[in-house]
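Trainee: I have a new structure to read today, and I would like to go through it with you. Could we look at it together?

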Amino acid sequence: MLDFERSVILHLPMIKTKQLALCGGYVAVQTELEVLVLKLDVSSETQALEESTDSTDPQEDQADFLVVSIHQELLGDRAKDCDIPVSIEKTGLEDRRQYTLSYVLFRHFNQDYFQGCSEDESHLHSLQLYPLFTSNQTASLDEPACMFCFFSLPTAGYLYSLKGGVELLSAYQYPEKVLQAVLTDHLLHVITKNALQCFTVRLAAVAARIEDPYIDTTMKACPPSNLEVCALRMQLFIGLRSVCVYGRHVILLSTADAETPEETERTAQRRGLELKEHNMLTGIFLAVGIDPATTPALESLLSRPFLSRKWALSSSKGVSTSGHGWNLYVVDAVSPLTLYQEMVEYSQRYAETNPQAQSLRHLLSEAHLLLRASLLQTSEQQQDSEDYLVVSLQRDGPAERQTAAQADTGELEEALRQNCAHLGDCFSRGSQQDCHLALPYYRMSALPVTEVIARNRPLPSSPHSYGSGFLFYLKHYLLEETEETLSQEVADEVIDIFSQSEPSELVSVCASLPMTNISPAQTLRILQNLEDTAGVSVPLTITMATMMLLQDDLSQYTQLMERHAEMLMVYGFIEEPRMLVHGGGGGQHAHIRPTALTYQLAKSHPGLLVASMVALHENNKVQLEQADHIFEELGCENCLQVDFWEAMLMASSQEAVIQELLFRLASVYIERLTNTNSDTHPELSHRLPKRRSLKSAEDLINSCSHYGALYPWLTVLSPVHTTSFQHQEALHKLQSLLCGPSLSVGHVGPLLERLSEETMWGFSLHLLCATRRGQYDSSIEKLLDRCPQAIIAYANHQLQDKHMVLWWQKLLPELCNRTRAAADNSILLAALKETLVVVAMETSPAEFLELIPDDGTASYFLPHLLTCSQKHLLA
């Protein structure tokens, strides 16, 4: 950014600057044979920069000597080794800002005397720093996405990318001496003495990779930035001297001066001096025994003026005052779209002769980069370049210009899609090395798969040959599970393609969702031939069984499904999950659906289906929500879904999944208990499961650590004969979860509030939860109120270890009080006797005496006191 009120001065005392370029904080300096690029940054830290005091140019003292140096290229951090000191002088006007310099690029060329150019004709020229903004940026606010540096010799040009790592993108070799060059987004314009030439550039390839992270993936592609450059067109002029470009306008300055008599005489004098020098140097070489005539390199060297170089330079700088005058040309460059159409027409010649020619691919790649460069420009840049040199009394309004720009963009995008289709055709039949590029280019072309298949049908010369790139594209298309369904004719053609080219992929192809309309009979014949040649495999057997199912041949279907053991069948589904599930990208339920085989397995082999879905989940083939959606689609009154959750709980090791499954299963068991209570909800009996679960409560207790063994006292509270098997099964499974180590009572507590304590099984669940929470005092009271016959079983199981004191602190006083109130209650008396036996064994005689009530019933406790004393004496 240039600001005349806040500026700095850069001192480069060791070089003679011939040209300078400034852009985006970059400073490019060019001498006769060197280019140095610096980056000027604003820093908050104060850095002391030493200013060089040596301002003498070492080249001044060596002007009359031949100094031969070597080519040198230093990129990035290595550029600081160029031995060119640079210092910053503060002007005192900057707003407390400190500036730091970093070296970016240094390039040195030696004087080449063997290219047919004199010394003054081989200097660098056309230094240019070129920024490139992408469509996602605003040129007035953001830094350029890319920064390029271009400079040129008369015979070669060099284009570097500066941001994101310094890199030489392209080296241009000109067919004749170039006087000046100008870089643009689309082309490099160069002028020779009599021609304007255009060369391709690689700016769009660099910018595309910065703008779009999906470039060079299976989604998108772009030709590489190191693609070989080429010349596109040439226009002849006379006496060109200068060129500049703005937008699509190329401005040329030319003159056709005639040589004056003075110039003719000066030329003759110079040639005489050159001859004298040549003879003198030839004599020197002959004196030392070297004959220059035998060495072409020395002969060419001696043909150059060395000793009289200063005279030759001064004499050549004279400009004739007479001549034919100057000419100014403003040429409208061909629009990118027109140039693209010309390139397409030219490419058809290659396609007719040799579709696999490297030249055809190169030309289409050039056209692709040309279109990308146009699309990368922002609409503001395009509008500015169009309006800058337009002189008109009546201008279109902003709306009209925007509409026209949108129309141009639409044409460019359509041309890009067409170009991608042509590139896809090239790579579809290309070599194995780059055949994968057919996939992204065909995707970018937006062609339907039927059109791609039509474009890749075998040529008459090779009727059974399909390109590896086309097969790569087709396999990825079938793997993507798109919603597009192929017609039976096209699906059968796809089967035929793979049966000829890659028979091993037939199982995967048949399992794809787009192949739903496949012909079962024809496919079955192909699969049987594959089995005869490749042998029996589980995925192939399942695929053949699916074809039998589509033909309604259930007997053959059953025979094929019983060919292998259930576990082997599960492994087959793991190998090809799409035989059970179609879709599955990102958990979107709308795109997940069961296959026809899945529906049949739900009826005939539910255990195999559940085991397979668990295996798919555990192998990251299906997510839990996706599997739930599959079972919901099957519509089995959630029976299979609950079976799947129970099986998942047995197999899963992920804590988050386990907790989710525990909550779901507890909710289902509570719902089943509510629905099976025909006394309170007879209208819900139709929602009961129509079949038994795959795993009973006993099976789950024995095989799953999350289901605990039922507490002994629960069997007293849950009479078996009063409920149906569905109710009894749900109750035992829920009680088992509550007895297990994993289910959190706090999570299911609110759900249990739906269950009434009026029924004994409902009371058992509430009592179980209260016990899990450690509420033993209230649990003892409730149990004595509702079911005293279970109190001893409850106490023997729950009142142990640290809770043992509750035997005499809570249970014994409660039994004494209740027995006194109902002396004829045999259940309470039996419970009291059992309690006294435990208390006598666990307490000392003194403690036991403290527990005896003082209501005149001490004689009842004396036998137990005697037992306690005898136990104490033995101890």
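Mentor: Gladly! Helices (H or I, at least four residues) and strands (E, at least two) are DSSP runs, numbered from the N terminus. This is a predicted model, in which local features need pLDDT of at least 70 and side-chain atom pairs count only at pLDDT 80 or more, while totals for chains, interfaces and linings use all residues. Residues are numbered from 1 along each chain as its sequence is written, and side-chain values use heavy atoms, with hydrogens and water left out.

Trainee: How many helices and strands does the protein chain have?

Mentor: Going by those DSSP runs, both kinds of element can be counted along the chain. The protein chain has 33 helices and 20 strands.

Trainee: Which helix holds A770, and is A770 buried or exposed?

Mentor: A770 lies in helix α27, residues 760-772. Buried means under 20% relative accessible area, exposed over 50%, and partly exposed in between (1.4 Å probe, protein chains only). The relative accessibility of A770 is 7%, so A770 counts as buried.

Trainee: Which residues is A770 in contact with, leaving aside its neighbours within four places in sequence?

Mentor: Contact means heavy atoms within 4.5 Å. G749 is 21 residues from A770 in sequence and 9.6 Å away in space, C-alpha to C-alpha. With the neighbours within four places set aside, the contacts of A770 are Q775 and S779.

Trainee: Why does T843 count as buried?

Mentor: T843 sits in the loop between α31 (826-842) and α32 (845-851). Leaving aside neighbours within four places in sequence, T843 is in contact with W808, F848, C868 and K871. T843 counts as buried because its relative accessibility is 2%.

Trainee: Which backbone oxygen does the side chain of T843 reach?

Mentor: A polar contact is a pair of N or O atoms within 3.5 Å; within protein, one must be able to donate a hydrogen and the other to accept it, and residues adjacent in sequence count only if both atoms are side-chain atoms. For the side chain of T843 the distance is 2.7 Å, and the backbone oxygen belongs to V839.

Trainee: How many residues of α15 are buried, and which helices do they pack against?

Mentor: Helix α15 spans residues 538-550 and reaches 19 Å from its first C-alpha to its last, close to the expected 18 Å; the expected span is 1.5 Å times one less than the number of residues. α15 is mostly covered, with 12 of its 13 residues buried, including V538, P539 and L540. The buried residues pack against α13 (506-510), α14 (520-534), α16 (554-561), α17 (566-575) and α18 (596-604).

Trainee: Which residue with a positive phi follows α11?

Mentor: Helix α11 has 12 residues, 468-479, and reaches 17 Å, close to the 16 Å expected. Among its buried residues are G469, F470 and L471. The residue that follows α11 with a positive phi, near 55°, is E481.

Trainee: What is the bridge partner of A181 in β13?

Mentor: β12 and β13 (residues 187-191) pair in the antiparallel sense over 4 bridges. In β13, the partner of A181 is V190.

Key: Two strands pair if DSSP finds at least two bridges between them.
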